[in-house]
Amino acid sequence: MEYECKICGNTENNAPYIIKEMMFGLRHEFVYVKCPACGCLQLTHIPEDMSAYYPAAYYSFGNSATQGSRKSLKARFSYYLMRCALRHQVGKTNLSGWLARKYKPEYYRDFYAWLPEGLVRFDSRLLDVGCGSGELLNILADCGFSELTGVDPYIASDITLKNGGKIYKKKIFDLEGTYDLIMLHHSFEHMAHPSRVLAKLGRLLAGNGTLLIRIPVADCYAWRKYGTDWFEIDAPRHFFLHTVKSLDYLAGKNGFKLERVVYDSQFHQIAISEKYLRGYTFTENVALFTEKEIRGFKAFSARLNAAADGDRACFYLKHLTI
């Protein structure tokens, strides 16, 4: 059966792939196709009930970073350094933040590379779409951001952040307001109607605001190397695995211009894909690699990012009329 690409409409030579659910070991099989025109890898039929694939143990429903930061002196100090590093990065220069970014592991230097200096102020209106229980928003509150909002239809109920901000149990289409920075950190690939979502985000984004979308990308080394064992496919939770070409096409169709792309893939693209290749699920606790091998995966991932060939990227979009 010929399949029409849901992004660009192409109907010719869309190649099918059978991909299993591997995060929780259900191993249910799903059909994805890869469009040769725009490159997007996409789920052909979305399950009517996705609840089985988002159990309580799903990672975004926890708040491990902020909870864990208070369990021990070492953890509290690490969390303090992370906050200092982020404040320094956004524009509140401080020695601890400078030192953390310069000398600490990549977590401090690179995890918040998506929020460069000059992108927002501490009083900018920030919206996190698909934020789960608000781990990132609470970190941003600790760092001094005052206007924080989140939205996620899968949480149990509305949540009040530590600074008084709100996370709403809503779909994006039910949200109102205007925001200077709208962030989608690995949530866009979970959305069944990406074009409609972008159109709505365009109405929520302030005139000179920025739309930031972090997603896995299918035009990468990991897809070429591992194919259906590439862990970022994450069937069936990821409906669309975009390429730069398909995301740029979708952005232009909905009144956005793609300003730049920053690759931020991590060593998991190798380590977990190798795990799947060997038949293990994400949750199986098996030690397959030495610390030296993990360091090698990290170094290789950094080279892939530098070559624009990593499996994760951050897209910065603006209104076309600005």
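Predicted model: local features only at pLDDT ≥ 70, side-chain atom pairs only at ≥ 80, totals over all residues.
## Ground rules

Local features here need pLDDT of at least 70 and side-chain atom pairs count only at pLDDT 80 or more, while totals for chains, interfaces and linings use all residues. Residues are numbered from 1 along each chain as its sequence is written, and side-chain values use heavy atoms, with hydrogens and water left out.

## Overall build

The protein has ten helices and twelve strands. These are DSSP runs numbered from the N terminus: H or I over at least four residues for helices, E over at least two for strands. The C-alpha trace spans about 60 × 50 × 40 Å along its principal axes. The radius of gyration is 20 Å, which agrees with the value near 20 Å for a compact globule of 322 residues. That radius is taken over C-alpha atoms, and the globule rule is 2.2 Å times the number of residues to the power 0.38.

Buried residues make up 49% of the 322; buried means under 20% relative accessible area, exposed over 50%, and partly exposed in between, using a 1.4 Å probe and protein chains only.

Eight strands line up as S6-S7-S5-S4-S8-S9-S12-S11 in an open sheet with mixed pairing. Strands S6 (159–160) and S11 (256–263) sit at the edges, each pairing on one side only. Two strands pair if DSSP finds at least two bridges between them.

Helix H6 (residues 194–204) packs on this sheet, touching S4 (125–129), S8 (179–185), S9 (205–216), S11 and S12 (312–319). The directions of H6 and S9 make about 145°. Angles like this run from 0 to 180 degrees between N-to-C directions, and axes are lines fitted to C-alpha atoms, for helices over the stretch in contact. Elsewhere in the sheet, S5 (residues 147–151) and S7 (residues 166–168) run parallel and are joined by three bridges. Thr149 stands opposite Lys166 in S7.

## H9 and its neighbours

Helix H9 (residues 268–277) is mostly covered, with eight of its ten residues buried. Among them are Ile270, Ile272 and Tyr276, along with Glu274 and Lys275. The buried residues of H9 pack against H7 (221–226) and H10 (291–306). Just after H9, Gly279 takes a positive phi of about 95°.

H9 and H10 have axes 8 Å apart and pack at an angle of about 125°. That makes the pair oblique: under 35 degrees counts as roughly parallel, over 145 as roughly antiparallel, 65 to 115 as roughly perpendicular and the rest as oblique. Gln269, Ile270 and Ala271 make the contact from H9, meeting Ile294, Phe297, Phe300, Ser301 and Leu304 of H10.

## H2 against H5

The axes of H2 (residues 73–90) and H5 (residues 135–143) come within 9 Å and cross at roughly 75°, so the two helices are roughly perpendicular. From H2, Tyr79, Met82, Arg83, Leu86 and Arg87 meet Asn138, Ile139, Leu140, Asp142 and Cys143 in H5.

## A buried histidine

His238 lies in the loop between H7 and strand S10 (240–241). His238 counts as buried because its relative accessibility is 4%. Leaving out residues up to four places away in sequence, His238 touches Tyr32, Glu189, His190, Pro216, Glu232 and Ile233.

Key: Contact = heavy atoms within 4.5 Å.
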